[in-house]
Amino acid sequence: MPLQRRIPKRGFCNLFKKRYRIVNVSDLEQFDSGSEIGPRELLQSGLVKAGNEGIKLLADGEISRPFTVRVNKASAAAISKVETAGGRVELIPELKRD
C-alpha cells in the first residue's frame, strides 16, 4: 500500500497554543477619559467574551482621550498610539493553564 494512503488524514491541534481576544484602539473610545480599562471592564462592555484567553491590544483606529489600559499583550504601534494620546499601557501576566 502506498505511503500516502497509510498516513492519517487529520491535522494537528496544539494544546499549548496561546489564544488571545483582540481589542482595537478605536474600541476604547466608548470609555470615559482618564478611566482605567482592564479585563473586567472590557468584559462588562461586551468588547470581549468570557473565556480563558488573554487580551491583546492592536493599533487599528485612532484614539483621542487618555486611558490606562491593562492587557496581557499589546502591539508596539498600539502602545505608541495610547501614549501619544496621554495614556499608558500596563501589561499584566497571563494566567497559567494547568
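Predicted model: local features only at pLDDT ≥ 70, side-chain atom pairs only at ≥ 80, totals over all residues.

Student: What makes E3 and E5 count as paired?

Tutor: Two strands pair if there are at least two bridges between them. E3 and E5 have 2 bridges, so they meet that cut-off.

Student: How many bridges join strand E1 to strand E3?

Tutor: Strand E1 (residues 20–24) and strand E3 (residues 54–58) run parallel, with 5 bridges between them. Since at least two are needed, they pair as well. Here Tyr20 has Gly54 in E3 as its bridge partner.

Student: What holds such strands together in general?

Tutor: Strands of a sheet pair through backbone hydrogen bonds, in either a parallel or an antiparallel way.

Student: Which strands make up the open sheet, and in what order?

Tutor: The open sheet has 3 strands in the order E2-E4-E6, and their pairing is parallel. Strand E2 (36–37) and strand E6 (88–91) are called edge strands because each pairs on one side only. E2 pairs with strand E4 (residues 68–71) over 2 bridges in the parallel sense, and Ile37 stands opposite Val69 in E4.

Student: Why does a run such as E2 count as a strand?

Tutor: A strand needs at least two residues, and E2 spans 36–37, so E2 qualifies. Altogether the protein chain has 3 helices and 6 strands, running α-β-β-α-β-β-β-α-β from the N terminus on.

Student: How does the radius of gyration of the protein chain compare with that of a compact globule?

Tutor: A compact globule of 98 residues would come out near 13 Å, but the protein chain has 18 Å. Its C-alpha atoms fill a box of roughly 65 × 25 × 20 Å along the principal axes.

Student: What share of the residues is called buried?

Tutor: Buried means under 20% relative accessible area, and 27% of the 98 residues in the protein chain are buried. The protein chain exposes about 7,200 Å², with carbon and sulfur atoms supplying 51% of that area.

Conventions:
Residues numbered from 1 in each chain as written. Heavy atoms only, no water. Helix = DSSP H or I, 4+ residues; strand = E, 2+ residues; numbered from the N terminus. Rg over C-alpha atoms; globule rule 2.2 N^0.38 Å. Buried < 20%, exposed > 50% of the residue type's maximum accessible area, 1.4 Å probe, protein only. Areas by Shrake-Rupley, 256 points an atom, 1.4 Å probe, with all protein chains shown as cover.
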